[in-house]
Amino acid sequence: MNTYRWTKRVGLAGLAFLAAIAVFVTAVSIMDVRVAGVYPEAFRLTAMMTAPFTLGLVIVTTLTAAAIETLRRLKRRPAGA
């Protein structure tokens, strides 16, 4: 049985989002290019300053999906089972 199917999808989407941010910041820093007049240091600083919120959002979203799936599973279970 596919337990926590949506939780896995939400978690993977969150990890993909974090990976995309990391790849962008790393690529801009390595190539040392300005994007729309913004220096690479600003991207690194912004990524570091918002990292706790970004990681927390991914964690809270994944845990919420797990809680919803658990509650739905418990509701479907017949009484006394």
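So, two helices and zero strands: that's what the protein chain has. Keep in mind that this is a predicted model. Helix α1 covers residues 5-31, and helix α2 covers residues 40-76.

Let's talk about overall shape. Along its principal axes, the C-alpha trace spans about 65 × 20 × 15 Å. The radius of gyration of the protein chain is 19 Å, whereas a compact globule of 81 residues would come out near 12 Å. And how much of the chain is buried? Buried residues make up 15% of the 81 residues. The protein chain exposes about 6,400 Å², and carbon and sulfur atoms supply 72% of that.

Now, contacts. If you take the contacts with a separation of 6 or more, 65% of them come from residues 24 or more positions apart.

Thr54 sits in helix α2. Is it buried or exposed? Thr54 has a relative accessible area of 18%, so it counts as buried, given that the cut-off for buried is under 20%. Its side chain reaches the backbone oxygen of Thr50, at 2.8 Å. Leaving aside residues up to four places away in sequence, Thr54 touches Phe17, Leu18 and Ile21.

Let's follow one of those partners, Phe17. Phe17 is in helix α1, and with a relative accessible area of 45%, Phe17 is partly exposed.

Phe24 is at 38% relative accessibility, so we call it partly exposed.

On to charges. How many salt bridges are there? The count comes to one salt bridge. Glu41 forms it with Arg44, and the closest N and O atoms are 3.7 Å apart. Glu41 and Arg44 both lie in helix α2, three residues apart, which is about one turn of the helix. Glu41 is at 42% relative accessibility, so it counts as partly exposed. Arg44 is partly exposed as well, at 32%.

Last stop: a couple of backbone angles to look at on your screen. Tyr4 has a phi near 55 degrees, a positive value in a residue other than glycine. You'll find Tyr4 in the segment before α1, and at 30% relative accessibility it counts as partly exposed. Then there's Ala36, with a positive phi of about 55 degrees although it is not a glycine. Where is Ala36? Ala36 lies in the loop between α1 and α2. At 78% relative accessibility, Ala36 counts as exposed.

Conventions
Residues numbered from 1 in each chain as written. Predicted model: local features only at pLDDT ≥ 70, side-chain atom pairs only at ≥ 80, totals over all residues. Heavy atoms only, no water. Helix = DSSP H or I, 4+ residues; strand = E, 2+ residues; numbered from the N terminus. Buried < 20%, exposed > 50% of the residue type's maximum accessible area, 1.4 Å probe, protein only. Polar contact = N/O pair within 3.5 Å; in protein donor to acceptor, adjacent residues only side chain to side chain. Contact = heavy atoms within 4.5 Å. Rg over C-alpha atoms; globule rule 2.2 N^0.38 Å. Areas by Shrake-Rupley, 256 points an atom, 1.4 Å probe, with all protein chains shown as cover. Salt bridge = Lys/Arg side-chain N within 4 Å of Asp/Glu carboxyl O.
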